[in-house]
Amino acid sequence: MKEVGQRKGPKVLLYTFLVISSLLSLFPFYWMFVIGSNTTSSVNQFPPAMLPGTHFIENAMNVFDRIDFFGAMFNSFFISSTVTLSVLFFCSLAGFAFAKLQFEGKNLLFVFLLATMMIPPQLGLIPSFMIISSLGWIDTLQAVIVPAMVSAFGVFWMRQYISSAIPDELLEAARMDGCSTFRTYWNIVLPTVKPGLATLGIVTFMNTWNDFLWPLVVLKDRSVHTIQIALRTLNDVFYTDYSMILAGTFMATLPILIVFILFSRYFIAGLTEGAVKN
């Protein structure tokens, strides 16, 4: 009986820690909904409102009246989805080349790629804007999509994942069966590295969805605003309606949660379907 009690003790502490951590993680979303469902005056009073109110639909309608909410959501979803698919393809292809192919200058090129990760993205803001402007892409969605189609972190992540997940013997067997390099990548490497792709997809989609600075620079017209830029226009000069802004922010957060759940499912499935034993 003592041994059973000793085994249950650490599990109880672990589950308690997980429950508390989950509640702390969910609290910002709950508080966002509480503010979005009350009025700004009730939130500013002391003590503030701690329970959801009855004004969420009213605040949401105010958001719809002020901005093209669904148009901005579509722009963000289109940009995030396109960038994510592009990053998954090009970064996994480059990662496969760095991990398993032999070519001159591979190590030097990979070190140079890693060095670019240490450069703050703000330093490239003006040169990137000059290039986009010379191409005539200002106020177009490709101004946001094209510069983000490949990421140094994505190449590094996929290179490390492929190096550890794909044995060289598997690739040699594919070459002996007559597979070309691209067919080996497409039919053998990609199905095996699904967990790595799912993780990179989650990170890329969320970063692109939440990106604010670069879309703010190149997207001026309201018809091409992303949801982050559109929500920024809800701020007035002399008065800020926090309830309306948080209601819009809460609605803009829901797609991220849905995508995260979907990618998490593929991530768990990939752990079992894409396993390879050395």
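## Terms and basis of the model

A residue is called buried here when its relative accessible area is under 20%, exposed when that area is over 50%, and partly exposed in between, with a 1.4 Å probe applied to protein chains only. The model is predicted, so local features need pLDDT of at least 70 and side-chain atom pairs count only at pLDDT 80 or more, while totals for chains, interfaces and linings use all residues. Residues are numbered from 1 along each chain as its sequence is written, and side-chain values use heavy atoms, with hydrogens and water left out.

## Overall fold

The chain contains 14 helices and zero strands, where helices (H or I, at least four residues) and strands (E, at least two) are DSSP runs numbered from the N terminus. The radius of gyration, taken over C-alpha atoms, is 24 Å, whereas a compact globule of 278 residues would have a value near 19 Å; the globule rule is 2.2 Å times the number of residues to the power 0.38. Along its principal axes the C-alpha trace spans about 75 × 70 × 30 Å, and buried residues account for 36% of the 278 residues.

Contact is defined as heavy atoms within 4.5 Å, and among contacts between residues at least 6 apart in sequence, 75% join residues at least 24 apart.

## Annotated transmembrane regions

The unreviewed UniProt entry places the feature "transmembrane region" at residues 12–33, 69–96, 108–131, 137–157, 185–206 and 242–263; these positions follow the numbering used here, feature names are shortened, and annotations may be inferred rather than shown by experiment. In the model, residues 69–96 are 100% helix and 0% strand, with end C-alpha atoms 40 Å apart, while residues 185–206 are 95% helix and 0% strand, with end C-alpha atoms 26 Å apart.

## Charged side chains

Two salt bridges are present in the structure, a salt bridge being a side-chain nitrogen of Lys or Arg within 4 Å of a carboxyl oxygen of Asp or Glu. One joins Asp168 and Lys100 at 2.9 Å, N to O; because Asp168 lies in helix H9 (residues 168–176) and Lys100 in helix H4 (residues 69–100), this pair ties together parts that are 68 residues apart in sequence. Lys100 is buried, at a relative accessible area of 12%, whereas Asp168 is partly exposed, at 47%. The other joins Arg175 and Glu172 at 3.3 Å, N to O, and these residues, three apart in helix H9, are separated by about one helical turn. Arg175 is partly exposed at 41%, and Glu172 is partly exposed at 44%.

Lys106, in helix H5 (residues 106–116), is buried yet has no salt bridge, and the nearest side chain of opposite charge, that of Asp168, is 9.1 Å away. For this comparison Lys and Arg count as positive and Asp and Glu as negative, with His and the chain ends not counted. Not counting residues up to four places away in sequence, Lys106 touches Ala97, Phe98 and Leu101.

## Nonpolar cores

A nonpolar core is a set of buried Ala, Val, Leu, Ile, Met, Phe, Trp, Tyr and Cys residues joined through side-chain atoms within 4.5 Å. The largest has 31 residues, of which Met158, Ile162, Val189 and Val193 touch the most other members. Elements giving two or more residues to this core include H4, H5, helix H8 (152–165) and helix H10 (181–192), and H4 provides the largest share, eight residues.

Leaving aside neighbours within four places in sequence, Ile162 is in contact with Ser92, Gly95, Phe96, Ala99, Lys100, Val189 and Val193. A second, separate core of 25 residues includes Phe56, Ala60, Val63 and Ala247.
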